[in-house]
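Let's take a guided walk through a protein model, one feature at a time. Have the structure open and follow along.

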Amino acid sequence: MLTRIKDTWARFVERRPGFAQFLMFTVFSQAVTVLQLALMPLFRAWFNTTSLLETSFQVLPVGSDVDGSQYYMFDYPAGALPEGGGGLAYFLAVQITLAIAQIINFFLQRNVTFKSNTSPWRAAMWYFIAYVVITFIAAAAQGFYKAPVYDFFIDTLDWGSTGETTADVLTMIIYAAISFWVFFPIFKIIFKRVPEDEDGVGLESEAVQGTVSTGTRAAGTGSGDHTPQS
């Protein structure tokens, strides 16, 4: 049964490589989202028992809100939601959850989905830059929907702690949706796969090594002692 499934998938990948890649990306993205949904409320519950809940974290002012108040890129005023903004406790819960999820996502997408054989360090650098950019975009968007979502589930529906957990899940789903559509085209660029030689070595890496070797030999020739000829 498993062999038949593997063979069917292999034929599908051969016929529709781009679509198969997108499917794998989607599966891993959803799995990472589920992990985020499980971790974020746990971290929040833990941090809310500390003084972090009463520590404001409001940085990068970028203009005024609709009510005329200062708008922050990262806006987490002290106090429990929905009256407050969750404070530093909420910010750390979100960012630690995302960091764990994205590290796992990096290896899954690079090694399984895109089967990249280029420099992992270069890919990691660009992945980190993309992660930072998405974090800023998501943080700016969160300023518009976070407070209304928590207010709706906690106060309007009067669900209490259940409403708070529901709001946690919904806000994380929104963030995951933003990440999903932004990351895929970025991954197509940073997780490249170059042709390999018969020994399975990437030709791009081989060319770089050859250039380095040629340069080393040239340097050695130029710096060596010359024996005068008679």
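## Ground rules

Helices and strands here are DSSP runs, numbered from the N terminus: a helix is H or I over at least four residues, and a strand is E over at least two. This is a predicted model, where local features need pLDDT of at least 70, side-chain atom pairs count only at pLDDT 80 or more, and totals for chains, interfaces and linings use all residues. Residues are numbered from 1 along each chain as its sequence is written, and side-chain values use heavy atoms, with hydrogens and water left out.

## The overall layout

The protein chain has six helices and two strands. Starting at the N terminus, the order is α-α-β-β-α-α-α-α. Of its 230 residues, 34% count as buried. (Buried means under 20% relative accessible area, exposed means over 50%, and partly exposed is in between, using a 1.4 Å probe and protein chains only.)

Next, contacts, meaning heavy atoms within 4.5 Å. Take the contacts in the protein chain with a separation of 6 or more: 63% of them come from residues 24 or more positions apart. As for the surface, the chain exposes about 13800 Å², and carbon and sulfur atoms supply 66% of that. Those areas come from the Shrake-Rupley method with a 1.4 Å probe; for residues, only the protein chains shown count as cover.

The predictor's confidence in each residue is called pLDDT and goes from 0 to 100. The protein chain has a mean of 82, with 83% of residues at 70 or more. Which element has the lowest mean pLDDT, and which the highest? Helix 6 (residues 203–223) is lowest at 47, while helix 3 is highest at 93.

Within residues 205–216, pLDDT stays under 50, and the model gives this stretch two contacts beyond four places in sequence. Residues 221–230 are also below 50, with one contact beyond near neighbours in sequence. Where pLDDT is low, the predicted coordinates should not be read in detail.

## Helix 3 and what follows

Helix 3 covers residues 87–113, so 27 residues in total, going by the DSSP runs. From first C-alpha to last it reaches 37 Å, close to the expected 39 Å. (The expected span is 1.5 Å times one less than the number of residues.)

Just after helix 3 comes Lys115, with a positive phi of about 50°. Lys115 is in the loop between helix 3 and helix 4 and is partly exposed, at 47% relative accessible area.

## Aromatic rings

Rings of Phe, Tyr and Trp (its six-membered ring) pair up if their centres lie within 6.5 Å; planes under 30 degrees apart are stacked, over 60 edge-to-face, and the rest tilted. By that rule, the structure holds 30 aromatic pairs. In one of them, Trp9 and Phe12 have ring centres 5.6 Å apart and planes at 35°, so the pair is tilted. Trp9 and Phe12 are about one helical turn apart because they sit three residues from each other in helix 1 (residues 2–15). Trp9 is partly exposed, at 33%.

Phe114 and Phe187 make an edge-to-face pair, because their planes are at 80° with centres 6.0 Å apart. This pair links distant parts of the chain, 73 residues apart: Phe114 is in the loop between helix 3 and helix 4 (120–156), and Phe187 is in helix 5 (residues 161–190). Are they buried or exposed? Phe114 is buried at 5%, and Phe187 is buried at 0%. Both belong to one aromatic cluster, whose members also include Phe22, Tyr127 and Trp181.

The charged end of Lys146 sits over the ring of Tyr90, 4.6 Å from its centre. (That label needs NZ of Lys or CZ of Arg within 6 Å of the ring centre and within 35 degrees of the ring normal.) In helix 4 you can find Thr135, which is buried at 8%. Leaving out residues up to four places away, Thr135 touches Phe74, Gln95 and Tyr175.

Most residues other than glycine have a negative phi, and most peptide bonds are trans. Leu60 has a positive phi of about 60° and is not a glycine; look for Leu60 in strand 1 (residues 57–64). Leu81 and Pro82 are joined by a cis peptide bond, with omega about 5°.
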